[in-house]
Amino acid sequence: MKWRYPFVFITFVALFFSIIGRLFYWQVVKAEMLSELARFQYSGIVKILPRRGEIRTSDGFPIVANKVSYLLFVNPTEIKDKNKTISTISSLVDISTASISSELLPGRFWVPIKAGIDAKKKEEIEKINLPGVGFEEHYTRFYPEASIAAHLVGFVGKNESGQDKGYFGLEGYYDRLLRGKEGYGVELHDALGRPILSKRNEQTKGMEGSNIVLSIDRSIQFLVENKLKNAVKMYGALGGMVGIIQPQTGNIIAMASLPSFSQKNYQEYDEGLYKNPFITNTYELGSTLKPIVMASALDAGVVTPQTKCPICGGPITVSDYELHTWNDKYYKDTNMIEVIQHSDNTGMVFVASQLGVDRMISYLTRFGIGSLTDIDLQGETFSSFKPRNAWYAVDLATTGFGQGISITPIELLVAFSALANEGKILEPRVVTAFENSNGEIFKVPPKVKGTPITAKTAKIMTEILVNAVEKGEAQWTKLKGYRIAGKTGTASIPVAGHYDPTNTIVSFIGFAPVEKPKFVMLVILDKPTSSIYAAETAAPLFFDIAKDILSYYGIPPSE
Amino acid sequence: MKKPSHIIIFLLGLIITLSIVKAIVYNRLSTSGVYVGKIEEEIGFYKTQNAILSEKLLAFSSLTNISAKATELGFVKNSSLMVLKRLPLAVKQ
């Protein structure tokens, strides 16, 4: 019987070690997993979503705000009468019964049905008191001014993880700033699921999105969009653009493009419409570039306003290409003032030849052409110049009158603002201030980009442009009583190696009042059908908008 | 030298008292979590109401709405800007 004692002893020792081993397994090896499981049982992680910042115009009005919306969800395990619930929801939220039914699979506890339900609709559904139907509160983008400045603002969509993300325009450029930072809170519960206050302080602090304040004047933006819409319709154009800048600060006052889209229902529009053509598309803008070339030549001292053009008596042949004026009218010994007044291509060929390739490239670069303007909007592009050794005589000649060189409208607008601002160019900007969640405001100061020409040259060029408005082909539509500097542009469209003979891109660029310019405006209409000339389409639209802006600013006529 | 028994008794009493106070405070705090939860719910409700009202206010005060309402009521835009070359007679007098 002696073996029994050791047997019992060894058994107990073995059991003791197996218990120790098991305890070691749970408390050391699996400790992390168990504590995680326990945490799930007695606590819940609450995600604190930041509210996206507002986008406000210069008057402080939010053109992009947030509104409360609800996500309707169903818990299939709590539904009492499945058919009744499905048919009621279907009739209220306009979703077919088949698609709701297919989602309500057994074993699912949370089935999202429809997002973006407003408070009124939510109340309506709640009154019916359907078991198993609930709502989740969200903030979605709200556009009080509808689709105003859609290209400028951009829109909010979803990223790969299903979270809000800004695309295009300001929403895209300032996405990180606008969206803020998510916070998390750990809430402990007692056995009955009630929150325990003493353990509620474990939080990672989130941050609300910052608000941004724009230089955009809401009233001017509104009137520009309406006028542009009417003009596109009236002149039978495919689309159009208007950009207005304050030359002394670089503030963009208004920017509109058509066709446009609705930020709220952006999915219903073609993706090609999301881009802002004012900063992303390059055009051969034609005669509206002439003042920049002429100002360069005046500044370089290669011509004076009184310099006579010795080659302007007829068409000019350059490297086997015959270059004509837009109306085939020629003015022998015309001076530089008249070259701009008549928008004389042969005169500009003379100016370009006097300037030469090196100085042409140098001045255009100083005006910011061929590079980004650094406007604070997503998607800006530029077309760089061809290499110096690839410039032929004909390239220099056509650049003189704005053909054969592609630029974005914003490049031209910014370059032209130098003429209205004593030769200085300021970096264009749309945002003038940021406001963080604590209400602190950070202003964005204006930034000088360069001084391509002297103040004296700018003044001379301004007078030449005033003369062009007073005596040029658009004189019939000018504003009486105001001195406005401006220039028309009727550009041919390059198509497969040649220029389209039937369609044009028409533009007008100018500033007012000349004495102390308040704004520089560029108007572009794409392929107008009522007339192919800028003087009959873009110019009247420019003066129509200018008249209302001058009246809005309370600027009386000077003459 | 005094006997340390007084100090030991005092410390023990202090420990017991503080433990009781801690238990009472924790008990109170844990139940006030429910009230705090209710208050937070109420704050959330008012925040939602505030957001809904702001949305209505912005929609009513937008230029788009004002312009549509003005057109409905028959307001028309002054279509021409008058430039007077000479002062009107009334001003001269």
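Two strands are taken to pair if DSSP finds at least two bridges between them. Helices (H or I, at least four residues) and strands (E, at least two) are DSSP runs, numbered from the N terminus. The structure is a predicted model, in which local features need pLDDT of at least 70 and side-chain atom pairs count only at pLDDT 80 or more, whereas totals for chains, interfaces and linings use all residues. Residues are numbered from 1 along each chain as its sequence is written, and chains are lettered from A and ligands numbered from 1 in the order in which they are written.

The secondary structure of chain A amounts to 17 helices and 21 strands. With a radius of gyration of 34 Å, well over the 24 Å that the globule rule gives for 559 residues, chain A is more spread out than a compact globule; the radius is taken over C-alpha atoms, and the rule is 2.2 Å times the number of residues to the power 0.38. The C-alpha trace of chain A spans about 135 × 60 × 45 Å along its principal axes. Buried residues (20 or more other C-beta atoms within 10 Å of their own, with C-beta atoms placed from the backbone; exposed, 12 or fewer; partly exposed, in between) make up 42% of the 559 in chain A.

Five strands of chain A form an open sheet in the order β12-β11-β21-β20-β19, with antiparallel pairing. Its edge strands, β12 (251–258) and β19 (485–495) of chain A, each pair on one side only. From one strand to the next, the twist averages 10 degrees. Within this sheet, β11 (residues 239–246) and β21 (residues 519–526) of chain A are joined in the antiparallel sense over seven bridges, and Ile245(A) has Val520(A) in β21(A) as its bridge partner.

A hairpin is formed by β6(A) and β7(A), with five residues between them; in the turn, Gly162(A) has a positive phi of about 80 degrees. The antiparallel pairing of β6 (residues 155–158) of chain A with β7(A) extends over four bridges, and Gly157(A) stands opposite Lys165(A) in β7(A). Strand β7 (residues 164–167) of chain A presents Asp164(A) and Gly166(A) on a covered face, and Lys165(A) and Tyr167(A) on an uncovered one.

Helix α1 (residues 4–29) of chain A, with 26 residues, reaches 36 Å from its first C-alpha to its last, close to the expected 38 Å, a span defined as 1.5 Å times one less than the number of residues. Helix α1(A) is hardly covered, the count of buried residues among its 26 being zero.

Conventions
Axes fitted to C-alpha atoms, helices over the stretch in contact; angles between N-to-C directions.
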